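Subject: A structure for you to explore

Hi there,

Here is the structure I promised to pass on. Please open it next to this email and follow along as you read.

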Amino acid sequence: MKHAARAMIVSVASVAGMGPHAYTASKHVLVGLTKNAACELGRHGIRVNCISPFGVVTPMLLDACRDKLQDKDHEDGAAAVESGSESEAAAAADEQEEVVRGLATLKLQGTTLRASDIAEAALFLASDDSRYVSGHNLVVDGGFTVGKVPNMP
């Protein structure tokens with residue numbers, strides 16, 4: 001942030017930064033740092049914002065899900081799940097997208113959160129269209145955090 005502060009900062013945290021789990025500490029710190037930096041840098045005309053996306057199906061998310069399955073299988077005494085073929089990877093991605101769609105409050109038929117949605121949010125925050133927005137955490141989650149944070153999976 002120190003080096004980016006010459007112009008503007010858009011950080012990426014996570015909706016996990018708004019939940020109750022131990023993992024959320026690092027995400028919550030980023031949200032807090034964003035607000036603090038906005039206070040300190042605003043007098044210099046520098047905007048500082050953050051984006052907190054929900055579950056975007058990326059290789060990192062799929063790896064985390066695979067790791068959870070391996071841990072569960074290991075605990076159950078079953079063989080570890082191996083990374084499979086491309087068709088199995090596509091099926092896993094489809095399954096995770098269905099989970100994300102199911103958890104979102106906003107129901108738009110056939111719509112799933114994509115990395116491009118997060119990129120569009122970042123472009124908005126970096127554009128002149130948001131010239132008077134600073135210290136904001138833009139949550140891109142289809143309404144998930146509106147009613148689900150206390151029961152976050």
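Let's start with helix α1, which has 18 residues and reaches 25 Å from its first C-alpha to its last, close to the 26 Å expected at 1.5 Å a residue. (The expected span is 1.5 Å times one less than the number of residues.) Within α1, the residues T24, V31, T34, A37, A38 and L41 are buried, where buried means under 20% relative accessible area, exposed over 50%, and partly exposed in between, using a 1.4 Å probe and protein chains only. Looking down the axis of α1, these buried residues fall within an arc of 165°, so they line one face of the helix; the arc is taken from the directions from the helix axis to the C-beta atoms. V29 and C39 are exposed on the other side of α1.

Before going further, please keep in mind that this is a predicted model: local features need pLDDT of at least 70, side-chain atom pairs count only at pLDDT 80 or more, and totals for chains, interfaces and linings use all residues. Residues are numbered from 1 along each chain as its sequence is written, and side-chain values use heavy atoms, with hydrogens and water left out.

How confident is the predictor? The mean pLDDT (its confidence in each residue, from 0 to 100) is 77, and 68% of the residues reach 70 or more. Over residues 78–83, the pLDDT is below 50, and this stretch has seven contacts in the model beyond near neighbours in sequence. A contact means heavy atoms within 4.5 Å.

Now for the overall layout. The protein has five helices and three strands, in the order β-α-β-α-α-α-β-α along the sequence. Both kinds of element are DSSP runs numbered from the N terminus: helices are H or I with at least four residues, strands are E with at least two. Of the 153 residues, 31% are buried.

Next, find A13 in the loop between β1 (8–12) and α1 (24–41). Is A13 buried or exposed? At 5% relative accessibility, A13 counts as buried. Leaving aside residues up to four places away in sequence, A13 touches K27, L30, V31, C50, I51, S52 and P53. V31 is also one of the buried residues of α1.

Helix α4 follows. Its 12 residues should span 16 Å at 1.5 Å a residue, and its end C-alpha atoms are 17 Å apart, which agrees. Here I118, A121 and L125 are buried. Seen down the axis of α4, the buried residues fall within an arc of 55°, so they line one face of the helix. On the other side of α4, E120 and L123 are exposed.

Finally, the aromatic rings. Rings of Phe, Tyr and Trp (its six-membered ring) pair if their centres lie within 6.5 Å; planes under 30 degrees apart count as stacked, over 60 as edge-to-face and the rest as tilted. By this rule there is one aromatic pair: F54 and F144 are stacked, 4.2 Å centre to centre with 20° between the planes. The two are 90 residues apart, with F54 in the loop between β2 (47–53) and α2 (59–75) and F144 in helix α5 (residues 144–147), and the pair links distant parts of the chain. Both F54 and F144 are buried.

Enjoy exploring!

Methods: pLDDT = per-residue confidence, 0-100.
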